[in-house]
Amino acid sequence: MKKFLTGLTAAIVLLPLPAFAQAKLNVITATEDLAAIAREVAGDRASIESLARGYQDPHYVEPKPSFILKLQKADVLVVVGRELEIGWLPPLIQQSRNARIQPGADGYLDASLNAEILEMPQGQITRAMGDVHPLGNPHYWLDPENGKRIAKEVADKFSQLRPNDRAFFEQRLADFNARIDAAEKRWLAAMAPYKGMKVVTYHRSFPNFAKRFSLDIMGYVEPRPGIPPTPQHTLDLINEMKRQGVKLILVEPYFDLKTPKKIAADVGGEVLVMPPSVGGVKEVTDFFKLFDYDINLLIEAIKRVGASK
Ligand SMILES: [Zn+2]
C-alpha cells in the first residue's frame, strides 16, 4: 500500500499540465492605446488592463495603490517607453517587487522598440528646460503603421511566454494588420483633400498622425513639451497664425482651454478638443475608433473654418 501511494504521488507530481490548464496571461499596459492593441493580438488568451485612462495626460498619471496590486500579479507589463511614463511608473514597478516585470526581465515590453520615432533629439540628450520628450516623441501610436509595429512586438512577447499559442497570436496579428491596411486606405482617402492643411496643437502629441495624414503642424501652444504657455510665446504664435492664415487649434482633452480659446478668438479660428488616445472620449473604445473619431472630428472642423494651406 505504501509503495502504491508513493507511486501515485510521483505520478501526480510528474504529470505535465494539460494545455487548457495554462492560465491566461495577465497583462498590464501603461496606456489604453497599448491595451487596445494587445487585445487585438491576445483574443481570449489574456486578460488585459491599462493603468492610465485615455483622458489622462500620459506624462502625468496620478499613481494609485491599486496600480501596485495590479503590477504584483502581472505576467507582462507593456509600456510606451521613450520616457513617456518616467514621471509616475518606475517607482510603481519597483514597489510591486514583481521580478517578472522589472525592466530587462522577460515580462517587460517596451512597445517603442521598432516603432517610427519622430523628433529625435540632435546632439546631447537632455531634459533641460523641462522638455518631456528627451528620447524622441513618445506619442508614436498615433500612426496606424506604428500600430502594426506595436502589435508585432506584443505578439512576439506573448508567443515567447506562451509558445503553445504562437500560431494563435500570429493569426490574430495577421488579421489585425489586414484590418488596419483596409482602414488606413479609407482614412488616407478621407484626408486626401486636406493635404498640407496647417494646424496648431497644444502639446506635441500629433507628429506621427500629421506625418501619416499630411497635416502641417505650424506651431504649439506650449513653448516646449511640458512647459505651460507664456504670454510672449502666445503672442508670437497668434501673429504667426494670422500671417499664415491658420485657424485650427487641436487640444488634448486634459489641457486648460483658456489660452487656446484666447488664441482662437484672436485669429478668428476654432479650438478642437481631439483625443490622442483610446478612452479619451467614451465612444473611442478601440484602436480603429481612435482614427475614425479623430479624422471625422478634424474634417468637420476643417469644413467649418476653411482649409488653410
Ligand atoms: Zn508628450
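# Reading His 133 and its surroundings

Visitor: Leaving aside neighbours within four places in sequence, with which residues is His 133 in contact?

Guide: Once its neighbours within four places in sequence are set aside, His 133 is in contact with His 59, Glu 119, Pro 138, His 139, His 203, Arg 204 and Pro 225. The model is a predicted one. As for its place in the fold, His 133 belongs to the loop between β4 (108-110) and α5 (144-161).

Visitor: Is His 133 buried or exposed?

Guide: A residue counts as buried when its relative accessible area is under 20%. His 133 has a relative accessible area of 6%, and therefore counts as buried.

Visitor: Which side chains make polar contacts with the side chain of His 133?

Guide: The side chain of His 59 makes a polar contact with that of His 133 at 3.2 Å. The side chain of His 203 is joined to that of His 133 by a polar contact of 3.1 Å.

Visitor: Where is Arg 97, and is Arg 97 buried or exposed?

Guide: Arg 97 lies in the loop between α4 and β4. A residue counts as exposed when its relative accessible area is over 50%. Arg 97 reaches 77% relative accessibility, so it counts as exposed.

Visitor: How is empty space inside a structure found?

Guide: Rolling a probe the size of a water molecule over the atoms shows where empty space is left. Here, a search of the whole structure finds one cavity of 30 Å³ or more. The largest cavity holds about 50 Å³ of space.

Visitor: Which residues line the largest cavity?

Guide: Its lining consists of Thr 31, Glu 32, Asp 33, Ala 52, Arg 53, Gly 54, Gln 56, Pro 58 and Ser 277. By class, this lining has four polar, three charged and two nonpolar residues.

Visitor: Finally, what describes the chain as a whole?

Guide: The chain has ten helices and eight strands. Of its 309 residues, 49% count as buried. Among contacts in the chain with a separation of 6 or more, 65% come from residues 24 or more positions apart. The accessible surface comes to about 14,800 Å², and carbon and sulfur atoms account for 56% of it.

Notes:
Residues are numbered from 1 along each chain as its sequence is written. This is a predicted model: local features need pLDDT of at least 70, side-chain atom pairs count only at pLDDT 80 or more; totals for chains, interfaces and linings use all residues. Side-chain values use heavy atoms; hydrogens and water are left out. On a 1 Å grid over the protein atoms alone, a cavity is a set of points where a 1.4 Å probe fits but cannot get out, and a pocket is an open set with protein on both sides within 12 Å along at least five of seven lines; lining residues have an atom within 4 Å of a point. Grid points are joined across faces, edges and corners, and a volume is the space filled by probe spheres set on the points. Ala, Val, Leu, Ile, Met, Phe, Trp, Tyr, Cys and Pro count as nonpolar, Asp, Glu, Lys and Arg as charged, and the others, Gly among them, as polar. Helices (H or I, at least four residues) and strands (E, at least two) are DSSP runs, numbered from the N terminus. Buried means under 20% relative accessible area, exposed over 50%, partly exposed in between (1.4 Å probe, protein chains only). A polar contact is a pair of N or O atoms within 3.5 Å; within protein, one must be able to donate a hydrogen and the other to accept it, and residues adjacent in sequence count only if both atoms are side-chain atoms. Contact means heavy atoms within 4.5 Å. Accessible areas come from the Shrake-Rupley method with a 1.4 Å probe; for residues, only the protein chains shown count as cover.
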